[in-house]
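Me: I would like to go through some of the labels used for this structure and ask, in each case, what stands behind them. Please set each value against its cut-off before you conclude.

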Amino acid sequence: SSKVITAELIAYLNKRNVDTSGIKAIGCDGTATNTGIRGGIIRLLEVTLHRPLQWFVCQLHANELPLRHLLQYLDGPTNGPKGFSGPIGKSLLNCEKLPIVDYMPINCVLPSSANSDDLSTDQKYLFDLCTAVSVGICPVDHSLRNPGLINHSRWLTTANRILRLYVATRSPSDELKTLAT
């Protein structure tokens with residue numbers, strides 16, 4: 001819990017004789033355990049230290065929230081760290097095994113090809129599938145690539161799997177079209 005983590009942080013600092021009077025800021029990711037306004041670790045540290053701290057919260061995780069909420073709205077809630085309750089989410093589990101079919105392209109404007117050396121494997125896959133979906137032609141070698149693991153802390157790979165499912169679905173539902181778009 002955030003109370004236990006806060007107590008451990010304070011114990012760690014005390015054990016090493018760290019002068020906490022100089023702490024002015026704290027950084028973390030944006031999980032509620034860290035950032036809860038009443039019971040998050042940062043707030044509990046502020047209470048313990050008797051002063052406000054500057055919060056430096058990584059916003060990269062916030063980038064994933066719109067897709068997560070859209071998938072949950074269109075397909076139902078998650079049911080575990082790797083599970084989905086709706087038909088689309090359940091289909092994502094094995095989408096990489098499905099053959100690529102003729103599908104309707106989704107018109108969009110993509111950024112010009114980025115330097116692929118700057119992209120992770122998962123990011124390259126997403127860019128390649130976005131390109132394939134936008135032109136309506138998915139190269140066969142895309143069916144051999146791994147879209148990444150299903151995990152609710154890795155929404156990039158969930159996006160990869162949504163597009164991989166889209167190029168393997170002859171008559172996608174309106175919900176799948178919305179998610180792919």
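Me: What makes cysteine 95 count as buried?

Reply: This is a predicted model, and in it cysteine 95 has a relative accessibility of 0%; since buried means under 20%, cysteine 95 counts as buried.

Me: How do you know that cysteine 95 is in no disulfide?

Reply: By the rule that the two sulfur atoms must lie within 2.5 Å, the count comes to zero disulfides. For cysteine 95, the nearest cysteine sulfur belongs to cysteine 138 and is 11 Å away.

Me: Why is the sulfur of cysteine 108 too far from the closest cysteine sulfur for a bond?

Reply: The closest cysteine sulfur, in cysteine 130, is 6.6 Å from that of cysteine 108, whereas the cut-off asks for a pair within 2.5 Å, and the separation is therefore too far for a bond.

Me: Which label does cysteine 108 receive for its accessibility, and on what value?

Reply: Its relative accessible area is 37%, which lies between the limits of under 20% for buried and over 50% for exposed, so cysteine 108 is called partly exposed.

Me: Which residues meet where α4 packs on α7?

Reply: From α4 these are Leu67, Arg68 and Leu71, which meet Trp155, Thr158, Ala159 and Ile162 in α7. By class, this contact comprises five nonpolar residues, one polar and one charged.

Me: What makes asparagine 160 count as buried?

Reply: Asparagine 160, which is found in helix α7, has 0% relative accessibility, and because the limit for buried is under 20%, the residue falls in that class. Beyond its neighbours within four places in sequence, asparagine 160 is in contact with Asp122, Tyr125, Leu126, Leu129 and Pro147.

Me: Why is asparagine 17 called exposed?

Reply: Asparagine 17 has a relative accessible area of 71%, and exposed means over 50%, so the label applies. Asparagine 17 is placed in the loop between α1 (2-15) and β1 (25-28), and has a positive phi of about 55° although it is not a glycine.

Methods. Residues numbered from 1 in each chain as written. Predicted model: local features only at pLDDT ≥ 70, side-chain atom pairs only at ≥ 80, totals over all residues. Heavy atoms only, no water. Contact = heavy atoms within 4.5 Å. Helix = DSSP H or I, 4+ residues; strand = E, 2+ residues; numbered from the N terminus. Nonpolar A, V, L, I, M, F, W, Y, C, P; charged D, E, K, R; others polar. Buried < 20%, exposed > 50% of the residue type's maximum accessible area, 1.4 Å probe, protein only.
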